[in-house]
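Please read this briefing alongside the chain shown below.

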Amino acid sequence: MRFRAGSSGDEAVLWALRTRCVRELCSSHYPADVIARWSASPPPAHYAALLGQGGCVVAEDAQGRVVGYGMLVLQDNEVDALFVDPDAAGQGVGRALLQQLFALAAPDADIVLSASLNAVAFYQRGGFIAEGPQDYLHPSGITLAAIRMRRPAASAGS
């Protein structure tokens with residue numbers, strides 16, 4: 001596996017991966033009507049700008065196929081997205097992407113995120129602490145049940 005910076009030219013491939021992950025991995029924790037609306041949403045207007053800001057890391061396999069990506073909103077030290085191809089789930093791709101995002105984060109500030117319900121345990125294994133439930137207003141306009149999480153700055157090096 002190799003990592004590279006994401007760019008606005010990756011928008012279609014990354015959004016397609018995100019949509020597949022929502023349909024296949026999030027459906028265990030969200031009702032079918034929520035999955036249908038969530039997965040049908042187009043990329044938000046600011047998505048290309050997020051990709052171009054320098055906080056996106058793309059994981060590729062040996063053949064150059066995208067197997068996952070993560071996005072960190074640099075100015076907020078916030079993980080905006082982390083998706084792994086369902087065919088590559090459980091192979092350490094997510095953990096490796098999270099480490100890449102930690103390397104981009106401001107070392108003296110907590111890292112925050114809104115975790116989908118199916119991803120809470122993954123982020124806890126990565127050192128995040130659940131702060132509580134929240135209604136996350138997705139850029140598509142739907143509201144998703146989520147868990148607000150924080151990784152204290154002191155654990156950034158671990």
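Contact here means heavy atoms within 4.5 Å. On that basis, among contacts in the protein between residues at least 6 apart in sequence, 61% join residues at least 24 apart. The model is predicted, so local features need pLDDT of at least 70 and side-chain atom pairs count only at pLDDT 80 or more, while totals for chains, interfaces and linings use all residues. Residues are numbered from 1 along each chain as its sequence is written, and side-chain values use heavy atoms, with hydrogens and water left out.

**Overall fold**
- Five helices and seven strands make up the secondary structure, taken as DSSP runs (helices H or I, at least four residues; strands E, at least two) numbered from the N terminus.
- From the N terminus on, the order of elements is β-α-α-α-β-β-β-α-β-α-β-β.
- The C-alpha trace spans about 40 × 40 × 30 Å along its principal axes.

**Burial**
- Of the 158 residues, 46% count as buried, where buried means under 20% relative accessible area, exposed over 50% and partly exposed in between (1.4 Å probe, protein chains only).

**Aspartate 61**
- Aspartate 61 sits in the loop between β2 (56-60) and β3 (66-73), and it counts as buried because its relative accessibility is 18%.
- A polar atom of the aspartate 61 side chain lies 2.8 Å from the backbone nitrogen of arginine 65.
- When neighbours within four places in sequence are left aside, aspartate 61 is in contact with Arg2 and Val67.

Terms used:
Polar contact = N/O pair within 3.5 Å; in protein donor to acceptor, adjacent residues only side chain to side chain.
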